[in-house]
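Me: I would like to go through this structure by question and answer, taking one feature at a time.

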Amino acid sequence: MTTPRIHIREGDKVIVLSGKDRDKTGKVLEVNPASGKVLVEGVNMVKKHQRPTRADRKGGILEMEGAVSSSKVMLVCPRCNKPSRTGHKNLKSGEKVRYCKSCGEVNEK
Ligand SMILES: [Zn+2]
């Protein structure tokens with residue numbers, strides 16, 4: 001398996017670059033490296049029909065986030081609050097960290 005190239009992590013704030021939810025921002029709920037897709041809070045809402053189950057007798061229509069390609073979202077830097085390109089660099093300790101190319105802030109390991 002090749003290393004997934006997803007630059008987004010769970011809990012990141014991202015902005016949507018294209019599609020019907022363009023310019024929306026939200027928190028990343030889930031990352032799926034295998035498909036290269038992410039779920040973003042409030043983005044790409046899709047309706048799902050739910051059959052009544054024993055736990056929920058009503059059933060009905062659920063609205064939930066649909067997966068979007070990770071290439072369609074961009075990280076919003078928590079420091080400069082701008083959609084930012086990310087880079088990776090190695091610390092002296094040997095740790096690899098992700099940083100914001102706009103302000104240089106290290107976002108995450
Ligand atoms: Zn920044």
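This is a predicted model: local features need pLDDT of at least 70, side-chain atom pairs count only at pLDDT 80 or more; totals for chains, interfaces and linings use all residues.

Me: Which arrangement do the four donor atoms around the zinc ion make?

Reply: The zinc ion takes its protein donors from the SG atoms of Cys77, Cys80, Cys100 and Cys103, which lie 2.3 to 2.4 Å from it. Along the chain these donors follow the spacing C-x2-C-x19-C-x2-C. Because the angles that the four donor atoms subtend run from 103 to 118°, the arrangement is tetrahedral.

Me: How is the protein chain divided, and what separates the centres of domain 1 and domain 2?

Reply: The protein chain falls into domain 1, covering 1–76, and domain 2, covering 84–109. Taken over C-alpha atoms, the distance between the centres of these two domains is 25 Å.

Me: What area is buried between domain 1 and domain 2, and which three residues of domain 1 supply 73% of its share?

Reply: About 610 Å² is buried between the two domains, with carbon and sulfur atoms giving 41% of that area.

Me: Which side chains meet in a salt bridge, and at what N to O distance?

Reply: Across the interface of domain 1 and domain 2 the rule finds one salt bridge, and the count of residue pairs in polar contact between these domains is three. A salt bridge joins the side chains of Asp12 and Arg98, with an N to O distance of 3.1 Å.

Key. Residues are numbered from 1 along each chain as its sequence is written. Side-chain values use heavy atoms; hydrogens and water are left out. Domain bounds come from an automatic or database domain assignment. Buried area is the accessible area (1.4 Å probe) that two parts lose on being put together, summed over both. A salt bridge is a side-chain nitrogen of Lys or Arg within 4 Å of a carboxyl oxygen of Asp or Glu. A polar contact is a pair of N or O atoms within 3.5 Å; within protein, one must be able to donate a hydrogen and the other to accept it, and residues adjacent in sequence count only if both atoms are side-chain atoms. Donors are N, O and S atoms within 2.8 Å of the metal (3.2 Å for Na, K and Ca); water is not among the atoms, so sites may look incomplete. Four donors count as tetrahedral if all angles lie between 85 and 135 degrees; four count as square planar and six as octahedral if opposite donors are over 155 degrees apart and all others between 65 and 115; anything else is irregular.
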